[in-house]
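Morning, everyone. Please have a look at the model on the screen before we walk through it.

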Amino acid sequence: MRFDVTGKVTLDHIYDQPDPRTYFRVLRPLDYGVPQEAKPYFAKIITEYRESRQVAVPKVLDIGCSYGINAALLKYDATMDELYARYGDEERAEESREALLARDRELARSRRPPQAIRFVGLDTSGSALSYAREAGFLDDVVHADLEECEPTPGQRAQLSGTDLVISTGCVGYVTERTLTRVVRAQGVHRPWMAHFVLRMFPFDPVESALAGLGYRTVRVDEVFRQRRFASPQEQALVLDSMSAAGVDPRGLEAEGWLYAQLYLSRPYDTTGTDDPNREQS
């Protein structure tokens, strides 16, 4: 088991497969579920944006989208349990990629969302993006590493017109560099943002950069389980990293789970119609 500089186990191999089966088989024993936790919050902010800005089909950019999990949950009302059964069962292990795609396309055809959403995925994994696009989960994909490079003119065109920017776990590896480049691709337009960020990663640099671009950020009081630790060693390493960063893990990470917090960022001239800390229904 290998670990990155933060102490987290390295799972890079699950994001660069031709289909999502390895992703779900590896994460299932860890009870990875933050996309399900995030779903009602994302749905709420999308609805709020649609109604307040009178946008019939909001364009949502999912940063670090991998195989389009958030899109599947929000566009087709799938659940993480359903996706684990869909991709993680042993009986699917011998199924061809083409057969898997055919079943996913049927899902996309059979479950039309009550309100239309256009999903664009941004990721460094071309294979994950390709699968999500072919399956019908994502409407467009941007294969780029905006930590390292400015978007090309073509990528800027794909990013422009974004109404909402979301993520579930990539911030910390993705920094203010990526988010700043996404915002600047919009010209004068400022999309709303909702990011689920592991507590071990400080959000202050991102919040400061967004403030310089005209944003106000609010942190939701609730914390959200991301997944179980993969091993006692991972837990010990992460707790060491958190201690060094001055983050108290008692009652949370010390009990065996990684936890995330939700940060909502909106332009200064925008007032949310609801308290972001209000319980979701």
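What is the strand order of the open sheet of 7 strands? The order is E3-E2-E1-E4-E5-E7-E6, and the pairing is mixed.

Some ground rules. This is a predicted model, in which local features need pLDDT of at least 70, side-chain atom pairs count only at pLDDT 80 or more, and totals for chains, interfaces and linings use all residues. Residues are numbered from 1 along each chain as its sequence is written, and side-chain values use heavy atoms, with hydrogens and water left out.

Now the names. Helices (H or I, at least four residues) and strands (E, at least two) are DSSP runs, numbered from the N terminus. Two strands pair if DSSP finds at least two bridges between them.

Strand E3 (140-143) and strand E6 (215-228) are the edge strands, and each pairs on one side only. From one strand to the next, the twist averages 20 degrees. Axes here are lines fitted to C-alpha atoms, for helices over the stretch in contact, and angles run from 0 to 180 degrees between N-to-C directions.

Let's go through some pairings. Strands of a sheet pair through backbone hydrogen bonds, either parallel or antiparallel. Strand E1 (residues 59-63) and strand E2 (residues 118-123) run parallel, joined by 5 bridges. Take Ile63: its bridge partner in E2 is Leu122. E1 also pairs with E4 in the parallel sense, over 3 bridges. There, Val60 has Leu164 of E4 as its bridge partner. E4 and E5 are parallel too, with 5 bridges. In E5, Met193 is the bridge partner of Val165.

Is E4 enclosed or open? E4 is largely enclosed by the rest of the structure, because 5 of its 5 residues are buried. Buried means under 20% relative accessible area, exposed means over 50%, and partly exposed is in between (1.4 Å probe, protein chains only). In a regular strand the side chains alternate between the two faces of the sheet. Look at E4 with that in mind. Leu164, Ile166 and Thr168 point one way, Val165 and Ser167 point the other way, and all are buried.

H2 packs on it, touching E1, E4, E5, E6 and strand E7 (257-267). Contact means heavy atoms within 4.5 Å. The direction of H2 makes about 165 degrees with that of E5. Helix H6 (residues 126-135) lies across E2 and E3, and runs at about 175 degrees to E3.

On to the rings. A pair of aromatic rings is described by the distance of the centres and the angle of the planes. Rings of Phe, Tyr and Trp (its six-membered ring) pair if their centres lie within 6.5 Å; planes under 30 degrees apart count as stacked, over 60 as edge-to-face and the rest as tilted. How many aromatic pairs does a search of the whole structure find? The search finds 14.

Here is one of them. Phe42 and Phe196 have ring centres 5.4 Å apart and planes at 90 degrees, so the pair is edge-to-face. Phe42 sits in helix H2 (residues 34-53) and Phe196 in strand E5 (residues 192-198), so to speak of the link: distant parts of the chain, 154 residues apart. Phe42 is buried at 1% relative accessibility. Phe196 is buried at 1% as well.Another pair is Tyr173 and Phe201: ring centres 5.2 Å apart, planes at 70 degrees, so edge-to-face. Tyr173 counts as partly exposed, at 38% relative accessibility. Phe201 counts as buried, at 10%. Ring pairs also link Tyr15, Tyr23, Phe24, Tyr32, Tyr67, Tyr84 and Tyr87 into a cluster.

Charges over rings come next. A charge sits over a ring if NZ of Lys or CZ of Arg is within 6 Å of the ring centre and within 35 degrees of the ring normal. Arg225 lies over the face of Trp257, 4.2 Å from the ring centre. Arg266 lies over the face of Trp192, at 4.3 Å.

Last, the cysteines. A disulfide is a pair of cysteine sulfur atoms within 2.5 Å. The structure holds 0 disulfides. The sulfur of Cys170 is 9.4 Å from the closest cysteine sulfur, in Cys65, too far for a bond. Cys65 is buried, at 2% relative accessibility. Cys170 is buried too, at 14%.

That's my tour. Thanks.
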